[in-house]
Amino acid sequence: MTTLVWFRDDLRLADHPALAAAATDPGGLIALFVLDEVSAGVRPLGGAARWWLHGSLERLRDDLAARGIPLILRRGAVGEVVPDVVADAGVTRVLWNRRYGGERHHDAALKERLRAGGVAAHSFPGNLLFEPGAILNGQGLPYRVYSAFWRACLAHPAPAAPVAIPEHLTAAASQPQSDTLDAWALRPTSPNWAGGLAERWTPGEAAAQARLTRFLDGGTAGYAAGRDFPARATGSELSPHLRWGEVSPREVWHRALDAGADVAVFLSELGWREFAWHTLFAAPDLHLRGLNAHFDAFPWETAPGAELAAWQRGETGFPLVDAGMRELWQTGFMHNRVRMVTASFLTKNLLIDWRIGEAWFWDTLVDADAASNPFNWQWVAGCGADAAPYFRIFNPVTQQHKFDRDGAYVERWAPDALLTPEIVDLRASRVRALAAADRARGATPGSPSAE
Ligand SMILES: Cc1cc2nc3c(=O)[nH]c(=O)nc-3n(C[C@H](O)[C@H](O)[C@H](O)COP(=O)(O)OP(=O)(O)OC[C@H]3O[C@@H](n4cnc5c(N)ncnc54)[C@H](O)[C@@H]3O)c2cc1C
């Protein structure tokens, strides 16, 4: 009996239910990762995500090799590659942890096809705290309001305890041929713009575990009050590790439980990740279409050229916006509060379509996540689940006064921002945004809702 474990967004050995199930069998193991950029509905990875993936696969390859298992790398449509490997290597059983975005339809089709061909195929929950089908409202539909969603999650039986790394793994005697990681050219070379990413981040399971330990050892006390201040290191910065499944959310949950004060607030942030994924499960085209149909008619700026470029480069003349956009460009990350401010600035003050901003974040974030990114962009723009109302427009100057009063964050990322002329008048652009929202809703401009 030969078992294939198909790794996807779960590049870890700990709390990997598919790997743990493979170890229960005396037969040999094949570990496979497929880079699929061609199947219908698959969203090609952005540049920063590709950089991360290279590092993460290197670590997974080494960790598996230390246990005598080669990591097989293949490129192509999963619906072709997986059956090919199965046939070539005489695989009798295929195991994987579930995915919850649009690509799951390929997984379902594959499962059926394998079974029809006499190959056992099983999938396991491992990448979310709760299965999307298990958290539904009274009408059996997905929740649209976060507080109700999270209450339902907390009333549900707690997430299962993480499963340990299997003690014994045996490689299948005959291993399929593998691409080399370097041949995939996931890292930029000319130019190599990833120096700042490498300085800030270490991809891989060991680094994810170390970051989680460091965060919890420091205790979560102060997290609730500190998490809005971008110059303070209060966040866990686990998001890219969670994105690639280098640590499972169940492990984060269980290890965090006794981390002290504010742990409920920290867990509720994991709850937002969960909410985003449950939303994507129900609406797989989340990065293309607003959940709120009012926005279909929104009069976005049709030729955003120069203003968009100024936003992307961090040259808007608004220091908090510019600092955030430069932190993003240099390190592949931006603090959550600043993500909200920069996204609001783009969609409201510049009236640029949220999908354009979402695509920029998708390309530049190391934690670019198929659910959290479009979900949060929709939330800020006002068209998403439990979204901020459209008329709540962040004022980047007030936000800076509140959350970076001493200027430490701006000083670090955009010390020259005060010298840059402002590209837009905040007051006039706010009035323009409110009028546009009213037009899209078909309401009378200046109606009481537009306060
Ligand atoms: C416009 C915009 C785009 C975003 N795009 C992404 C994205 O592509 N990928 C991503 O992981 N997060 C995204 N976020 C959410 C949030 O900004 C990051 O998860 C957070 O900044 C990561 O820092 P941390 O790990 O220190 O978070 P912590 O405060 O330590 O939170 C712990 C974990 O909870 C999850 N989390 C926290 N806040 C959110 C949230 N609002 N939505 C979903 N999950 C959350 C993350 O997995 C995070 O690692 C976006 C937010 C905005 C406003």
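Predicted model: local features only at pLDDT ≥ 70, side-chain atom pairs only at ≥ 80, totals over all residues.
Let's start with the backbone. Most residues other than glycine have a negative phi, and most peptide bonds are trans. Against that background, Ser190 and Pro191 are joined by a cis peptide bond, with omega about 0°. Pro191 is found in the loop between α5 (146-155) and α6 (195-200). Ala185 lies in the loop between α5 and α6 as well; its phi is positive, about 50°, although Ala185 is not a glycine. Ala185 is exposed, at 52% relative accessible area.

Glu237 is another non-glycine residue with a positive phi, about 50°. Its place is the loop between α8 (223-226) and α9 (239-243), and Glu237 is partly exposed, with a relative accessible area of 24%.

Now to the rings: the count comes to 27 aromatic pairs.

Trp51 is buried at 9% relative accessibility, and Trp52 is buried at 0%.

Tyr146 and Trp150 are both buried too. They sit 4 residues apart in helix α5, about one turn of the helix. Both belong to one aromatic cluster, whose members include Phe130, Tyr143, Phe149 and Trp253.

Finally, two arginines meet rings face on. The charged end of Arg43 sits over the ring of Trp362, 4.0 Å from its centre, while Arg104 lies over the face of Phe281, 3.7 Å from the ring centre.

Conventions
Residues numbered from 1 in each chain as written. Heavy atoms only, no water. Helix = DSSP H or I, 4+ residues; strand = E, 2+ residues; numbered from the N terminus. Buried < 20%, exposed > 50% of the residue type's maximum accessible area, 1.4 Å probe, protein only. Phe/Tyr/Trp six-rings, centres within 6.5 Å; stacked < 30°, edge-to-face > 60°. Lys NZ or Arg CZ within 6 Å of the ring centre and 35° of its normal.
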